[in-house]
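Thanks for coming, everyone. Please look at the screen while I talk. I will go from single residues to the whole chain.

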Amino acid sequence: MNVHLVGNGNSQNLYTFDVNAYVVACNVPKHKHNYKVLSIIDQKVLVWLQNNRTAIHPVEIWCTPEIKRYAESKSLPGTYKDVYKKRHRWNSGHLAVEHMAKTHNEIHMWGMDSMFTDDLTSLMDDRVQRPQRPNLNKEWRPNWSTVFKQAPNTRFVVHIPDGAKGIEYAENCCYRHHKK
């Protein structure tokens, strides 16, 4: 089975629906892909969901224990599974990929633009307002190396637009280019 993480970077539009895929999406996606799981670690996302309860179809949601408690206290849609440990400056993509690597030997990543550009914008930014972000790439990129190196038998495939240049993270991480 193909396993895909679809993030909220602009390059998420490179992903094309695969009926046989197991898709994990980050936060509250705008795309129409048929995801099986959401990865949510930010309480601001849950506050938005409180006011927009029909924005997601009820699926399994991977989260931290704190997020699970909050979501259940507000009876938010979905089945919350506390499979993550809260980590400073780790995003929902890091944690989802780390979790998937425990049971899959190949993981495809889409819409993870901060991995290969300095663009930290998210297609979700109009839904969940954020203060101006510091340069998180200085902290996020070393976290990707950690995730990849702790799963040496897993192949990580980052899908990026033609012309984009990938960053060396680990031997088991490669890039696949696509026309926009």
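Start with Arg87. At 25% relative accessibility, Arg87 counts as partly exposed. Here are the cut-offs: buried means under 20% relative accessible area, exposed means over 50%, and partly exposed is in between, with a 1.4 Å probe and protein chains only. A word on the source: this is a predicted model, where local features need pLDDT of at least 70, side-chain atom pairs count only at pLDDT 80 or more, and totals for chains, interfaces and linings use all residues. Residues are numbered from 1 along each chain as its sequence is written, and side-chain values use heavy atoms, with hydrogens and water left out.

Where does Arg87 lie? Arg87 is in the loop between strand S5 (79-82) and helix H3 (92-100). Helices (H or I, at least four residues) and strands (E, at least two) are DSSP runs, numbered from the N terminus. Not counting residues up to four places away in sequence, Arg87 touches Leu95 and Glu98. Contact here means heavy atoms within 4.5 Å. Now pick out Ile41. Ile41 and Arg87 are 46 residues apart along the chain, and their C-alpha atoms are separated by 9.8 Å.

Back to Glu98. Its side chain meets that of Arg87 in a salt bridge, at 2.8 Å from N to O. Glu98 lies in helix H3 and Arg87 in the loop between S5 and H3, so this pair ties together parts that are eleven residues apart in sequence. The term needs a rule: a salt bridge is a side-chain nitrogen of Lys or Arg within 4 Å of a carboxyl oxygen of Asp or Glu. In general, side chains of opposite charge can pair when their charged atoms come close. Is Glu98 buried or exposed? Glu98 is buried, with a relative accessible area of 15%.

How many salt bridges does a search of the whole structure find? The search finds three. Another one joins Glu60 and Lys81, with the closest N and O atoms 3.9 Å apart. Glu60 sits in strand S4 (residues 60-63) and Lys81 in strand S5, so the pair ties together parts that are 21 residues apart in sequence. Both partners are partly exposed: Glu60 has a relative accessible area of 28%, and Lys81 has 35%.

Next, Glu106 and Arg155. Their side chains meet in a salt bridge at 3.1 Å, N to O. This pair links distant parts of the chain, with Glu106 in strand S6 and Arg155 in strand S7, 49 residues apart. Glu106 is partly exposed at 26% relative accessibility. Arg155 is partly exposed at 36%.

Now turn to Ser39. Find Ser39 in strand S3 (residues 37-39). Ser39 counts as buried because its relative accessibility is 0%. What does its side chain reach? The side chain reaches the backbone oxygen of Ser92 at 3.0 Å. The Ser39 side chain also makes a polar contact with the side chain of Tyr84, at 2.7 Å. A polar contact is a pair of N or O atoms within 3.5 Å; within protein, one must be able to donate a hydrogen and the other to accept it, and residues adjacent in sequence count only if both atoms are side-chain atoms. Leaving aside neighbours within four places in sequence, Ser39 is in contact with several residues, among them Val24, Cys26, Trp62 and Ala96.

On to the cores. A nonpolar core is a set of buried Ala, Val, Leu, Ile, Met, Phe, Trp, Tyr and Cys residues joined through side-chain atoms within 4.5 Å. The largest one has 28 residues. Those with the most contacts inside it include Leu5, Val97 and Phe148. Which element gives the largest share? The answer is H3, with four residues. A second, separate core has 24 residues, including Ala21, Ala25, Ile67 and Leu76.

Last, the whole chain. It has four helices and eight strands. Along the sequence, the pattern reads β-β-β-α-β-α-β-α-β-α-β-β. Of the 180 residues, 51% count as buried. Take the contacts between residues at least 6 apart in sequence: 50% of them join residues at least 24 apart. The accessible surface comes to about 9,300 Å², and 48% of that belongs to carbon and sulfur atoms. These areas come from the Shrake-Rupley method with a 1.4 Å probe; for residues, only the protein chains shown count as cover.
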